[in-house]
Amino acid sequence: MPFVRNKETGQFFDPQKLHTLNHHGDFFKVAGPLNIGRTPQGRPIVFQAGASDDGKKLAAKHADAIFTHHDTYDEAQAFWHDVKSQLKQHGRSNDELHIFQGVSVIVGKDADDVEQQYQTTAALVSINDALNYLGRYFEHHDFSQYPLDEPFPDIGDLGKNSFRSTTDEIKRNARERNLTLRQVALEAASPRPRFSRHSGTGGGRPSAVV
């Protein structure tokens, strides 16, 4: 390995071990090399994004990391246990798959300040932009053809071939809360942070809400 990273001598890499690739292929050519060492896997990292059953199975068998998003701690923990339990079926240990939870962060003085910031940001989104954003999840479906202030339309299994776990959650949430298309679109375009935490206000620092 050219990257010796010897702290005692201050040597970061050994130039004698640094070789150029000089790759000339049908589609690209590159001299190389990169100025970083190889990954512990010895290959590019395999990242899986998705929380569907098929996505979790794929991650458990092949991925080094999986990206997901859940609204509650209980859902996130259930996801963790589900994915980790599947690793054993493929002869893998828990350490071989890392889980990355997506979060949205708003920092403010208190909960009221955070809510005001959220509402200010959400108000910047037009309904047309929100409909277009929502359609992206559902294979770029045109939602402008439906009445805005009636219940979210029945679109069958549309979305199963794209962001499946997200579209399933959107449809389930709309059904359980009896949301209109307008409400669903605006919430999709400006999702509200779900996990809330307040830090102390000592030392003049504002409290943080996530």
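**Notebook**

I started with how axes are defined: they are lines fitted to C-alpha atoms, for helices over the stretch in contact, and angles run from 0 to 180 degrees between N-to-C directions. Helices (H or I, at least four residues) and strands (E, at least two) are DSSP runs, numbered from the N terminus.

Note on the source: this is a predicted model, where local features need pLDDT of at least 70, side-chain atom pairs count only at pLDDT 80 or more, and totals for chains, interfaces and linings use all residues. Residues are numbered from 1 along each chain as its sequence is written, and side-chain values use heavy atoms, with hydrogens and water left out.

**Entry 1: two helices**

I looked up helix H4 (residues 127-137) and helix H6 (residues 181-189): their axes come within 8 Å and cross at roughly 75 degrees. That makes H4 roughly perpendicular to H6 (the term covers 65 to 115 degrees; under 35 is roughly parallel, over 145 roughly antiparallel, the rest oblique).

Which residues of H4 meet H6? I found Ile127, Ala130, Leu131, Tyr133 and Leu134, and on the H6 side the list includes Leu181, Arg182 and Val184. Contact here means heavy atoms within 4.5 Å.

**Entry 2**

Next I traced an open sheet of three strands in the order S3-S4-S5, with parallel pairing. Two strands pair if DSSP finds at least two bridges between them. S3 (47-49) and S5 (98-101) are at the edges with a single partner strand each, so one side of each has no neighbour in the sheet. Neighbouring strands are turned by 20 degrees against each other on average, direction ignored.

I also checked S3 against S4 (residues 65-68): three bridges join them, and Phe47 stands opposite Ala65 in S4. Helix H2 (residues 73-87) lies across S4 and S5, running at about 160 degrees to S5.

**Entry 3: domains**

The domain assignment, automatic or from a database, gives domain 1 (9-103) and domain 2 (111-189). I noted 31 Å between their centres, taken over C-alpha atoms.
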